[in-house]
Amino acid sequence: MNPDPRSVLAVAAHADDEVLGAGGTLAEHAHAGDRIHLLVLSASATSRPGSGQDDVRAHRADCVTRVAALYGASAKIADFPDNAFETVPRLTLTQTIEATIARTAPQVLYTHSASDLSLDHRITAEATAAATRPQPGAPVTTVLAWEVRSATEWGTGAPFRPTWFQPLSEHALAVKEQALQVYASEMRPWPHTRSLRAVMDAARVRGAQVGFPAAEAFEVVRHTVTRPV
């Protein structure tokens, strides 16, 4: 158990992104005794035609609550429009993230990569970068960008280039898989890249890249060294 527990915040555009990107890493933080906080910016289904959007919103919110319980985490869900973050003033998104940072004082923050195909993901990455500007007294010392299957690898801009790898224990892998099963309605059948098998296999590949059975990979957005390496 970590004698000096940290506060950790995951900022996700949509309910399930936090698990796809860092579900195993958050499990490692929880196992170490760190305090986990989740901020999901949209749990709605406004991008999908037809009725039943309120039911989908309620279902996704329930999934976030259940996933948070797996990590012993707090969770806040905003109600920004799914697949339409560009219609929201950027300042509003940034201030929502800033308010959660002020409440949770995280040292470590995980969020999306600016390389993603999803515009919501890219806007979240930009708003998070603005919310974590390294001002005097700011709590965040490490900002890491995760990869999301079916969004990051399909990006058309700069490729995702991870330089930070978190090895995952079998326990952490099991928690990630359990959390993905909570989000079963968002998963796809194999061989889709966002199938359960593909996501778990990707963790094995990332682990092999750094000599471990499994890992999650991140881009370093910012890391302030508080003591000599």
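Is Asp54 buried or exposed? Asp54 is exposed, at 58% relative accessibility. Here "buried" means under 20% relative accessible area, "exposed" means over 50%, and "partly exposed" is in between, with a 1.4 Å probe and protein chains only. Here are some notes to read beside the structure.

1. **What you are looking at.** This is a predicted model, in which local features need pLDDT of at least 70 and side-chain atom pairs count only at pLDDT 80 or more, while totals for chains, interfaces and linings use all residues. Residues are numbered from 1 along each chain as its sequence is written, and side-chain values use heavy atoms, with hydrogens and water left out.

2. Arg57 is partly exposed at 24% relative accessibility. Helices (H or I, at least four residues) and strands (E, at least two) are DSSP runs, numbered from the N terminus.

3. **A salt bridge across the sequence.** Where do Glu216 and Lys176 lie? A salt bridge links their side chains, at 2.7 Å from N to O. Glu216 belongs to strand β7 (residues 215–223) and Lys176 to helix α5 (residues 170–182), so the pair ties together parts that are 40 residues apart in sequence. Glu216 and Lys176 are both buried.

4. Arg197 is partly exposed, with a relative accessible area of 48%, and Asp201 is partly exposed at 36%.

5. **The covered strand β5.** How many residues of strand β5 (residues 142–146) are buried? Five of its five residues are, so the strand is mostly covered. Thr142, Leu144 and Trp146 point one way, while Val143 and Ala145 point the other way, and all are buried.

6. **The neighbours of β5.** Two strands pair if DSSP finds at least two bridges between them. Strand β4 (residues 108–112) runs parallel to β5, with five bridges joining them, and Val108 has Thr142 as its bridge partner in β5. β5 and β7 run antiparallel and are joined by five bridges; in β7, Arg222 stands opposite Val143.

7. **The largest pocket.** Its volume is about 490 Å³. A pocket is found on a 1 Å grid over the protein atoms alone, as an open set of points where a 1.4 Å probe fits, with protein on both sides within 12 Å along at least five of seven lines; lining residues have an atom within 4 Å of a point. The volume is the space filled by probe spheres set on the points, which are joined across faces, edges and corners. There are 20 lining residues, and Arg6, Val108, Thr142, Trp164 and His223 lie nearest the centre. Helix α1 (17–31) gives the most to the lining, with three residues.

8. **Some backbone details to check.** Most residues other than glycine have a negative phi, and most peptide bonds are trans. The bond from Trp190 to Pro191 is cis, with omega near 10°, and Pro191 lies in the loop between α5 and α6. Ala105 has a positive phi of about 45° although it is not a glycine; Ala105 is in the loop between α3 (90–104) and β4 and is partly exposed at 34% relative accessibility. Ser150 has a positive phi too, near 80°. Ser150 is in the loop between β5 and β6 and is buried, with a relative accessible area of 13%.

Key: A salt bridge is a side-chain nitrogen of Lys or Arg within 4 Å of a carboxyl oxygen of Asp or Glu.
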